[in-house]
Every structure is written in C-alpha cells, then in structure tokens.
Amino acid sequence: MQTLREFTRKTKRGNILKIVREHYLRDDIGCGSELCRECFQNEVYQLTSQHANKSTLFKFPHYLVLDTNVVLDQIDVLEEDVLRNVVVLTTVLNEVKHRSSAIYKRFNEIVHDRTRNFYVFVNEHHKETYADREPDETANDRNDRAIRLATKWYDDHLQASQSSKEFERSGKAATRVVLLTDDAANRAKAEAEGILVTTAAEYVKSLEDFPLLMDKLSHKTFDSEKNGLPQYPPHLSMKELLEGLRQNKLLQGTFQASRENYLEGTVNVEKFEKGILIQGRESLNRAVDGDLVAVELLPEAEWSAPSEIVLEEKNVYADEVPSEERAKDENEMLNQVRAAALSAERTPTGRIVGIVRRKWRQYCGILQPSLIEDTNRHIFVPADRKIPRIRIETRQAAMLQNQRIIVTIDTWPRNSRYPHGHFVRSLGPLGDMATENEVILLEHDVPHCKFSDEVLSFLPKMPWTITDEDYSKRVDLRDLYICSVDPPGCTDIDDALHCRELPNGNLEVGVHIADVSHFIRPGKRTGHGGSGPGETTVYLVGKRIDMVPELLSSNLCSLVGGVERFAFSCVWEVDNEANVLSKRFHKSVIKSKRAMTYEEAQNIIDDATQQNEIAKSLRNLNRLAKILKKRRMDNGALVLASPEIRFQVDSETHEPLEVEVKQMRETNSMVEEFMLLANITVAEHIATEFSECAVLRRHPRPPPTNFDPLVKSARYQGFQVDINSGLELSHSLDKCVKADNPYFNTMIRILTTRCMMQAVYFISGSLQKEEFFHYGLAAPIYTHFTSPIRRYSDIMVHRLLAASIGADSTYAQLLDRKSNEELCHNLNYRHKMAQYAGRASVALNTHLFFRGKEEDEEGYVLFVRKNALQVLIPKYGLEGTLYLKSDKDGKDGVERVKSEIVFTFNEEDHTQRCGDVVFHSFDPVTVRLSLDSSNVQHEKLIFRLVKPYIKGFSVETTTEGTDSQAVSAAPPSKKTKKDKKKK
Amino acid sequence: MSGKYDLLSEQGLRLDGRRPHELRRIKCKLGVFEQPDGSAYMEQGNTKVLAAVYGPHQAKGNQTESVINCQYSQATFSTAERKNRPRGDRKSLEFKLYLQQALSAAIKSELYPRSQIDIYVEVLQDDGANYAVALNAATLALIDAGICLNEFIVACTASLSKSNIPLTDISQFEEVSGGPKLTVAALPTAEKIAFLEMSERFHIDHLETVIETAMAGCREIRDILEAAVKEHLLHMGSASDFAKVG
C-alpha cells in the first residue's frame, strides 16, 4: 500500500469554526510524461514530445505550467488549438473553479480534449509537491507557492529522468518546464528560485507559427493609458462591499442598462419595486448590463426621474480623451433630467459603488470603421445596445470589417472610458444568412456546435439491422396498417397512427412514437455539449438544429414509410363513440405503410372511391378525432390562434422567396387529437406509477387581470367575453363572429393567446394534484410523449413509461427527484430559448424579404397603445408597431402642434383620435411596409399609415416619387429621435 | 444525490486524497484502562473512540438470559461546534440500540446466562462513521475483557460517487458533501451481516456493489484488528507462552 502522511487543514466559516480534515499525501501519482521512467503511470502519457510548442523564447522542448490568472484571463487563447503539453495543477483547477464556474467549464473541455495533451497533475496530494500553509501566509500566496513548488519539482523530476547516459547519447535537447504567470510578484519569486518563467503575453508573442493568436490575448492594460487620468470613481473593495451590505448602507442588485439611453440604467433591488435609478456616467461607474452591483442610495433631495430622451453614443474614437462635445452631451442630458425631475415623479436614485460579481459574457457585434489607418486599436460596437462599446486590439481589422465578430471584455480600468476586451472569433460576413443564423443561436444560448465524437460513438453502427432478440422483446405490429401524417418535407417523423376494426365491433386505435430512448441511453452524453441534458430541437427558417444526431433524427428513429422501425406504442380499444375502454403500452416493431402529408391524407379521406385499408383507417381516425375534439371543447379547451407564418426559402441562397400563412386542414386536427390523447393517457399512467418524479407539463390558469385588454376591446365591438372559466371563455370566444370581417374571430383569439401564461414542465412530486391542470387543453394532467426526436422531455417520459411497464430498467437518476427537478428547469429554459430563437429567425427572414421592397398591405389594428397602434397584417401573419407620437409622449408636444397632428389617447375605451379619425382595436387600416436599414446591426421593419388618410401624417397614396415621400413622411418614431439628437 | 462536490475527482482521488477503496488510517490499542474488565482505544482517521466493558456480572432482576447493555456518548468537544448533550439525545439512543443489536449477534450469550455485560463507548473526536468506529472499538474492548465472541464483529461505511463508483470508509467531509451513506456491521468470516443502515435510498443497480464494498472494508478492518489483538497479547504475554506461538 501507499505511504500515508496525515496533515490537517483549518478552514473558517461564518462563525469561525476550526475544521480539521485529513489530507493524505501519496507517492503513486504519475507525472504523465513519456520521458519519465520512475513514476507509476496509471494512464496513457499525456505529455509527449510529438507536439512541441515552438517558441523563440525557449528554444528547447518544454512543457507549460499555467498559473491561475493565465487560465482565467487567457481562456480564449487556450481554447485555440495551439498550446500543447500543458501541466494542469489541481491547485490551479480548484482556484479556477472557485473563481469562475463558466471558465472552469470551458477549461475542462480543453483538458478533456485528448489531442491537446493537457495533463492534470494532482499536486495537492503528491507528497513532494504539497505545500502546507504557513502562518501569516494568505491562501493566494500559498497557492502561488504550491504552483512554484510543483513547477520546480517537475523540472527537477524531468532532469533526473533525462540525465541517464542513454538519453545523452540520443542527442535530444532536454525537455524543461516553463511556468506562465501574469502575476509580477509570482514571476519574480519564480525567477529567484531558478524556474523558467514568462508571462502569457510574451510567450504567445514568441510563438513562431501563430502570429494571429496575439489578438486573443486579454489586455489588462493598454500602454498609452497607464498614466491617463481616472475617469471613474474607484470601486470599493470586496471587504468594504460586504461590510456595507451587511449594515444595509449599500444595496445589492442586478444592473440593467437602459436600451435607449447609454447614461442611464436601473438596479433591481428587492426593497424598491421599480428598482433604483442610476444616472450619469460616474454613477454608473463601469457597470455592464447584468452585473451584480452594490448601490448607494442618494439622499432623497437628489432623487431624479428617468429621463425620456433617447441618447445614443455618437461615433467616438479609441484614442480620444473625452471630447468637449461628449462632455457637453452628458451635461445636456443631466440638465434635462434635472429639469424634468422637478415636474415628474421622482424615483429612488443611487450610484454604483462597487461590483459584487461581473456577468461578462461574449458579445456579438461589429468593428467600428477606424479613422486612422494602420492602427491596431479599434472600437467594437455590440449588437446589444445595452452593452457599452469595447476597446480591442487586433491586427486583422481590415479583414474583420463588415463581419460579425465576437468579443469578450477583460477589464475596465478607472482611467479608460470603455472596457478593454479582445477579439474571440469571427462569425462571418454581415447580412449573410449563415452568419445571421449563428447570431440568433448565440444570442439565445442555443448549443449548436457539431456533435462530439463521443456522442457519435454511442450511435449504432451502420448498417443497422433488427436482431431476433429485438423481435422477441417487442410486439410485432408490422402487419398493421400504420401510417404517418406530417407537414410536407418533414424528415424527422416521430409519430404514426393506425386504426382497425375489432371483431367485437369496437375499434383499436394505436399511436406509435419513435423509440428514441432505445438509442439514447441514460448516462451517455447526447447533446451538443456544454449545457447538460434538456436540449431541444430548434427550428429556424430553412434550418434545423437537431437535438439528436442526424443518423437518428432522419433515419433510424424517423418512422418513414415502408421500413421497419422501433416504436413505443400506445394502443386503446375504443367504442364507436370514442370512449376509451382499455389501454396498453408496449414497445413494438412497426412498418409504416405510408408517410403522408396532411394534404395527401385529406385527399384520401375525401376521395370516396378509395376503399383500401389506409383510407378506411384514416376515415375512422378522422371520425373519432372529431368526437374527441368536441368532447374536449365541451370541457372548456381553448382554440387559440397565433399569426403563424411559413417562409418559402430558396434552396440555393437560403433567402426567403415568399411568405405563406400556415394552413390548417382537418387532418392536422386529427393527428393533434390523437397526440393529445396519447399524451394525456401516458401522463395519467406515469403520474400514478411515479408519484414523486414523473415529468409532466402544466399550463397555469392566468390571473383575471391578464384578460383586461381583451375584455375591453371586445366590449367595444359589442361582445361580452367571460373569463370566469375556460369553458365560458371558450364559448364566448366562439360567439365573437362578425359577418363583415371573417378575420375578426382569429384576431380575438390571437389577443386571447397573449393573455395566457407559459406552459411549463414540472415534477409530479413538487406540486399538489390540483395544480397539474393544463388550462389551454382543459386536461387535468398532461405531459409530452409524442415528439422524442425533438424534445428531451419526451425522452424522459419514454424512459419513465418504459420502466413502469418493465420494458426497460430504471436507473438511479431517473427516480431522483432533485435531478429531475433541475432537468425540468433546464427543459423550460431551453424550450423558451428555442421559441425565441425561432421567432427571431422569422423576424430576420421578414427583414430579408422586405429588403429593397415597399408594399402597401391591408391590416387590422390589433391593439391601441398610448403612443402607437399595434397592427397585424393577416397576409404575412406579421405584426408591427405604427408609432403615432414619439416613444415618450409629451416631450414632443411643441413639434406636434406645429404640424397640427395631435393624437389623443382615450384610456377608457382604448382609442386614439386625430381630428375626425378615430382608431379602435380591430379597425382595418392600410399600411406601407419598408425596411429601415440605417443601423446595420438592427434592421427594423417600418409601418407607415396609408389609410385612413391623415394629412401630414399618412403616406401619400400616389406611387410615384417614393424618395421624396420617404423624406417628407419619414416614420414619426425615427424623425423624433433625430430631432432630439439635434437639440 | 446531489451535493456541492463530487466525491471523486476525475483523477480518481477522493476529497482527502484517498482512492475509492482505501480505508482511512487505523490505529488501535487494547487495554487502555485498568478499572474496567476490558477497554480499547480506536482511531480511524480523525474519528477517535474509547470503549470500556464491564462484566459479565450478575444481572439485576430475575432474568434467565444474558443482558447486553450499551451506552453510546459523544464528548462535548468531539465536534467543531460544542455539543450540548453528550448522551441521551436521539442520535445516541439510536446508536445505542444499534450497538446492542450488532453486538448480541457476536457475543456467545448462551455462555453467560443470568449475567449482564455493560459496554460503554465514548466518541472523543467525530470525523464521520462514528457508529462503525464505535462498534470496532467495542469489539476490541470485548476481546480485551475476554468475553467469548463468535468472531470479530466489525463495521464499515460506504458511499457512492456521482460517477457511480463505490467509496469505502467515508469521512465526515464526504458525509456532509451530500453523499449517501451505507453502514454495514458484519461477521466477515461467516459473511453474515448483523446490521445495515442507509442514510438514503440507493438505486437497486448500485446497492449490491456498495454493500460489497462495505463488506470488503469490513474484512480489511478485521485483519487490522486481529493484528492489533495479537500484538497486544504479545506484549501482555501469557501463561502458555503465547508470545512464542505468535
């Protein structure tokens, strides 16, 4: 056995406790180098001589040891596949984990990459490299010492193993160990101890083959600014912050920058409902959107009101000290604010005195064209207006112009106006479809990198065949007339149906779902990585980000016609009135007879000459579905509508050609009914089998106030909407029909949808049974079972169901409530993000579609706001805002009077009046659509009024001379903004 | 099963530097007191326990069977925060019963009718697996007192890391870090389990391997205890010149 030495360690907690722990030191930890002949090596050598780092500073083969600060600051450099043969000390690993979990995750990915030759050396438990903390030594100093000790040991250890005669004879240069540290003190000490040491920046610069890597270095200081004047007040130290927070002198909250005004923001604090207002650059004190900050509240006399001006930072240049103009700008704004504050309602105001935790991430944006040629310093403009500009250094500026790039912030020193950052990578040319999609995915945190080799290694080997063992375990349903009905072009078919008549006159209906859980085994990595389980397939226009590798999604799991596939079947026996008499679940082998589109299926049903099995089965299904649907409606299920659109995308350029609104056919609803039935049946089953840990989905009932806008606007149209229960709501919605406006009912339903809450996944053990209710479907219990190819929740449900019927074994995590609860959180988050990403993609394509076009379209006022009309264009399912006044009313009163166009908003019945013209909800209007590309990062679709015609406001209906019109009738929102800037 | 830390690092070391199957360092000594009939001191890592045995002596009352009476207590200075009640709290009472249960499986009680054996256990320092160490100390004290046992009764704990690798003899740090805990008291040669306790549910797939790990720990501890007993006898000497036999 190994030698054991006992050490004690003391740590302190809140109320100072002495904690004594054992710490075993070992002599069986290998050094991981292939040069070593002494160590007990339990692994494959990680440190080899094959991939040497070539550096001009150290012209002999060497291994690297990284200090913690290098890992934390230079993670982007490390992520590049350049540095190899790196010794990772556990001291460093633990420190990184402690300081930033995000970087720790990224660093771990690198360490796990076998090709990178990173070796984790457990120096903390090696008897030669353990450093006991000395009295009066800070934890940090001890760690630095431990790192130096380990480096020294490594160097000596390698020297020893290379000192043999054999090695000398081979004539190879001896391998040494180099420490990289950005800590000057640590470096000095290391030099004194005779360790080869340098800084990360110098080392990267000395690399022969990778000149561009320098761009990715994190810059803590810029030479030119070292002695610049401080522009911001200093931050309080962590200790002072904690002290202040404890004594309630300071308040802690998340900082939210204002989108409109770069000199304003709020900090969300529990104590104040609206949060604390922060105004002015010095009060903002280098906080970036999302940071956790400490705020000092100003005395009430100095409280202010949120300014109502839009202030965008003008083009500024990197090396400029704050110019007069800018200072003037800021003063102007503060003065305005003070003036406004006299009249307006004051809100608590404060200033930021320190940052508790930075929430810096990677930002996407573009490089600002530089005024000076041949400079390395550049200003980066983030796409998100809440983020300040970032100063970066790059040598590839010319190449990066007009590209979307990613930049990360390194530091924000007191004497710099902007934070310092460094270039991470380029996404591609601006406006390019692939680039823009990438941006959408990044902004919505959708994991989308390629599936790793590890994930792919778990896939079945092709050609894949069904073995006899599989047949024996599964019910053979290959003879049944099973078919699938999906939208055209669908390749991931996860459901199929059948219906047959039983000898006793009843019907047997089966829903067969792709058996994804057969291929995706628990405990194996499945997704794109980095986010844990719970991913979902994301649909962008013309692109699909699969949750599972394509081999599964489009081939082995997809229930394509005429091929034998594994399925998870849910089979009911129903009578002719669609009453379920019995149900059973089993895994099966099916052979879909035909994969149809909704249209094809509809045609078969309608075509009375077709009398084959499929046609009969479809007709039966359709008949049952109608009964089921009626029953569901009678229970109070809601029919909601959303303006869904579909783009016809050019297969070559991926640019949208045409927009079409999704069509609903009888067959859509037929498939939907049976999916709902399957989901509900499965939900009931797993909830009884697993009362603690079943994954279910609920849709909470919205609070009555949510319905206010709906009730009000319906009342104006002469309809009464009852919201007391789902049933009443559903009935009253049915009555909202206008003969002259067939679209009216849809609009009402769209409005109703807006009032709803978000449906969420949850664990059966976490809520009372009554709360399981699904409001929209009027089902007491619900889950997702029918789309395992694109949703992870369904895979979980499959596993639970399989375990409950004994078709599959359980595993510890499946039944663990806590881990399932975490999973549900992740599912909900991913689900939401996938939805947002989908919408963003539709918006992007809408913009592309309208690029260079101007169209007059019929639309309806969906909603009347204080300063704008929300207009819906049924043709495109498109919704947009038609501004009547500036965003902030009142301010522009002077201008409006001049042009004699005044809109008055009536809060009672939600109308806007201008002269004789009154806008109500649901009024028809004609608007002109065009794309505003003035800001390359934020293209906007602009709505301009055509009909009803208001002189001086509406666009002229004549089609000639659009240019002059654009000038004379620029959209009000834009105009006012410009005016303000002039002021 | 979720805790702040994973109990096993990717390099295969536990939080305190042990490998999964390794016990903590064990030190033990028999006959530490003169007054009782038998006594023992046992250290398993930082868990330190004293045990003393009185008896067999005449049982009170009119009992025909033998009575095994245990007392478990924990010194006020044994934990990081001062303990207020050294004995009589729920935990102590529970452990007392468990000790009685396990020990009565080992003691040849048919040899001691109408007599009582008192076993007092005091935990001096608490660093996890108190019950197991207390039982091991009690075994040594019983041997020191010359009470007939079927065989050594030893206990060992085991846990499970997130990567589903069983861990032997868990320390307090591992206990509070959120690992499940399984305690087994066994007669290792007979491969009989006298007592088994779980802090939370294990999945059926893992239960067997965890129990097996704990049993392996028991066997290892038995060997160490046996060596300690022999060592002790060597020092004591014996009428039959045991030292030369040893």
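**Calls and cut-offs in a predicted model**

Trainee: What makes Y120(B) partly exposed?

Mentor: Y120(B) has a relative accessible area of 31%. Buried means under 20%, exposed over 50%, partly exposed in between (1.4 Å probe, protein chains only). So 31% makes Y120(B) partly exposed.

Trainee: What should I know about the model itself?

Mentor: This is a predicted model: local features need pLDDT of at least 70, side-chain atom pairs count only at pLDDT 80 or more, while totals for chains, interfaces and linings use all residues. Side-chain values use heavy atoms, without hydrogens and water, residues are numbered from 1 along each chain as its sequence is written, and chains are lettered from A and ligands numbered from 1 in the order in which they are written.

Trainee: How many aromatic pairs are there over all chains?

Mentor: The count is 19. Rings of Phe, Tyr and Trp (its six-membered ring) pair if their centres lie within 6.5 Å; planes under 30 degrees apart are stacked, over 60 edge-to-face, the rest tilted.

Trainee: Why is the pair Y54(B) and Y120(B) called edge-to-face?

Mentor: Their ring centres are 5.8 Å apart and their planes stand at 80 degrees, so the pair is edge-to-face.

Trainee: What makes D28(A) and R19(B) a salt bridge?

Mentor: Their closest N and O atoms are 3.1 Å apart. The rule wants a side-chain nitrogen of Lys or Arg within 4 Å of a carboxyl oxygen of Asp or Glu, so the pair qualifies. Between chain A and chain B the count is 2 salt bridges.
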